[in-house]
Amino acid sequence: MEITKAEISSAAAAQNASNTPELMGSEILVKSLQAEGVQYIWGYPGGAVLYIYDAIYKQDTIQHVLVRHEQAAVHAADGFARATGEVGVALVTSGPGLTNAVTGIATAYSDSIPMVIISGQVATAAIGSDAFQECDTVGITRPIVKHNFLVKDVRDMADIMKKAFHIARTGRPGPVVVDVPKDVSFNKTAYHGYPESVAMRSYNPVRKGHGGQIRKALQLLLNAKRPYIYTGGGVLLGNACNELRTLVDMLGYPVTNTLMGLGAYPATDKKFLGMLGMHGTVEANYAMQHCDVLLAVGARFDDRVIGNPKHFASVERKIIHIDIDPSSIAKRVKVDVPIVGDVKDVLTELITMIKEGQQRPDAQALGAWWDTIEGWRVKDCLAYDRANTEVIKPQAVVETLWNMTKDDDCYITSDVGQHQMFAAQFYKFNEPRRWINSGGLGTMGVGLPYAMGIKLAKPQADCWCITGEGSIQMNIQELSTCQQYGTHVKVISLNNRYLGMVRQWQELIYQGRYSHSYMDALPNFVKLAEAYGHVGMLIERPEDVEPALREARAIKDRTVFMDFRTDPTENVWPMVEAGKGITEMLLGSEEL
Ligand SMILES: Cc1cc2nc3c(=O)[nH]c(=O)nc-3n(C[C@H](O)[C@H](O)[C@H](O)COP(=O)(O)OP(=O)(O)OC[C@H]3O[C@@H](n4cnc5c(N)ncnc54)[C@H](O)[C@@H]3O)c2cc1C
Ligand SMILES: Cc1ncc(C[n+]2csc(CCOP(=O)(O)OP(=O)(O)O)c2C)c(N)n1
Ligand SMILES: [Mg+2]
């Protein structure tokens, strides 16, 4: 859409009479990004954002990555944010650019990821007139963003950008959309520099927890006979892994992580009971059900974690819940000691109080509790047919990868399905921000863009994407972006020729009626990878798994696509069916 004369004269009206330099809205936007220290943007151009692309062209501190689909732009920026803790930035055009980005925005929102998404909009005078490539971005994204802005006047640009970054990264993080009409990106105004501070009376997230509540929590924790620490994505988002480790070491209590919290506590430590929930371990779920005091830290009692809420509430336990978002507390379960605050601040205070006080945990009760837990642990609920020499077991691929890369500087991304659960169960994450996946929305198609986004920021690290043949096809076009920017990732496709997780539910709940879960007419992934300029590998026999992974690990300057033909009938165990209690687990071979 072209700029009208009326819009040009309104721009002139906006000009400040002083001698401060006048900049276009697009230039102020780019300066704002620079002031925020942004190094990378993932995006896709179109008419409404051409002034912004022009401003990007004229600078050289921010690298723009041209993706092949806007959904992948948002996922790549989201993956970058998850791995680095910084705000991820994506740029899309109006109309279809924005609607293509919606899945990415909703994915980031569900997992509380800090992002700023800049979208082009038709010129202000055309808004509401069914203009070409117009859509109601503010309306469409309202339920899937932490906040959104429509920049109506170029004079507001710098302030809005400052607010957008501030809102995205503070409190409970989340995506913020900044919608920029074309005339606003073109209009000029006097630029007085990027604001140093933000003043928003209505937005003041609490960091420090209430001292009295923390003291109450401590009393409960130290008097507990069967204590349990349940932690989630909030510990990673709040960079509080060291504090969590200190607390657990001081108390000697058992600890579990949600899918989103893996890596917050070292998975190889004896005190870690594994992931809990729908596909959690027996020991993690039983401890959740049978503890007498539960400390929940940055975790939101998701339905895939507590299962049937009535079953969960059927036993007595005291719950302490630390969360920065007051609306997360007591949303799904009754909480005895709510603590609103930043996990790092609250845990630090808790640790100080323990150090300063005389009381220590009840060693005898704790010993008995650990004996009970060990009784659950010996069931070895993640056991699978390791001796099988006929067909590749998906678990074996992940286990082999873990053994090979455990000391490497590497990141593991995944898509959604059985392969995601096998990755979560069998790769033992000992460090934070190394496991990157979509938990809340469960978005197939994130794995490759996530890996690609991380690889750009962490070129020295290996980025392995554990995916399925269904999920990878949702954003496979990004193999082209990987080639253009030299972001050489390693794709491990656990190809079972099924939408495996759907097939598993159909087998167990729909009496084996496999309605549209078989993937026929799959492409030749090796040739496809080669067509994009990459290395393709087909692995069909169990004895080839280890050498193939070793070969892929050694290749540093190419993207490698590994098509592992895995057991099409393998299921993820344990499993808690929807509506069941978390201890009503299916184990595959021997039910509890
Ligand atoms: C196929 C599939 C299977 C799944 N199976 C499982 C499963 O078996 N087990 C499982 O755990 N999940 C599973 N999930 C994921 C599940 O859907 C949820 O995404 C996950 O359980 C939520 O994790 P969380 O509670 O850590 O919450 P998150 O979404 O990570 O939320 C973080 C919480 O921390 C708070 N927070 C953020 N920052 C701070 C801070 N600085 N200080 C304090 N609090 C903060 C937020 O307000 C929020 O309440 C599955 C997903 C899929 C797709
Ligand atoms: C975009 C999207 N559509 C549908 C689903 C529902 N879904 C969850 S897992 C799954 C199957 C995934 O298949 P594949 O990638 O081959 O992984 P597998 O389970 O076989 O390991 C589907 C369709 C989803 N999570 N996301
Ligand atoms: Mg599959």
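Predicted model: local features only at pLDDT ≥ 70, side-chain atom pairs only at ≥ 80, totals over all residues.
A salt bridge, as I use the term here, is a side-chain nitrogen of Lys or Arg within 4 Å of a carboxyl oxygen of Asp or Glu. By that rule, the structure holds 27 salt bridges.

E36 bridges to R169, and their closest N and O atoms are 2.9 Å apart. Where do E36 and R169 sit in the chain? E36 is in the loop between α2 (25-35) and β2. R169 belongs to helix α7, residues 157-169.

Now the domains. The assignment gives three. Domain 1 covers 23-190, domain 2 covers 211-377, and domain 3 covers 394-572.

I'll stay with domain 1 and domain 3. Their centres, taken over C-alpha atoms, are separated by 30 Å.

Next, area. The size of an interface is often given as the accessible area lost when the parts come together. Here, domain 1 and domain 3 bury about 2000 Å² between them. Carbon and sulfur atoms account for 61% of that. Which three residues of domain 1 supply more than any other three? They are R68, R82 and A83, with 28% of the area that domain 1 buries against domain 3.

What about polar links across this interface? The rule finds 0 salt bridges between domain 1 and domain 3. Polar contacts are another matter: 12 residue pairs make them, with both partners at pLDDT 80 or more.

Look at the domain 1 side by element.

Last item: ligand 2. There are 17 residues around ligand 2. Q418, H419, G442, S471 and G500 come nearest.

Three of those five have distances I can quote. Start with the side chain. A polar side-chain atom of H419 lies 2.9 Å from an oxygen atom of ligand 2. Then the backbone. G442 places a polar backbone atom 2.8 Å from a nitrogen atom of ligand 2. G500 also uses a polar backbone atom, 2.7 Å from an oxygen atom of ligand 2.

To recap the interface: 0 salt bridges between domain 1 and domain 3, but 12 residue pairs in polar contact. Thank you.

How values were computed: Residues numbered from 1 in each chain as written. Chains lettered and ligands numbered in written order. Heavy atoms only, no water. Domains from an automatic or database assignment. Buried area = accessible area lost by both parts, 1.4 Å probe. Polar contact = N/O pair within 3.5 Å; in protein donor to acceptor, adjacent residues only side chain to side chain. Near = heavy atom within 4 Å. Helix = DSSP H or I, 4+ residues; strand = E, 2+ residues; numbered from the N terminus.
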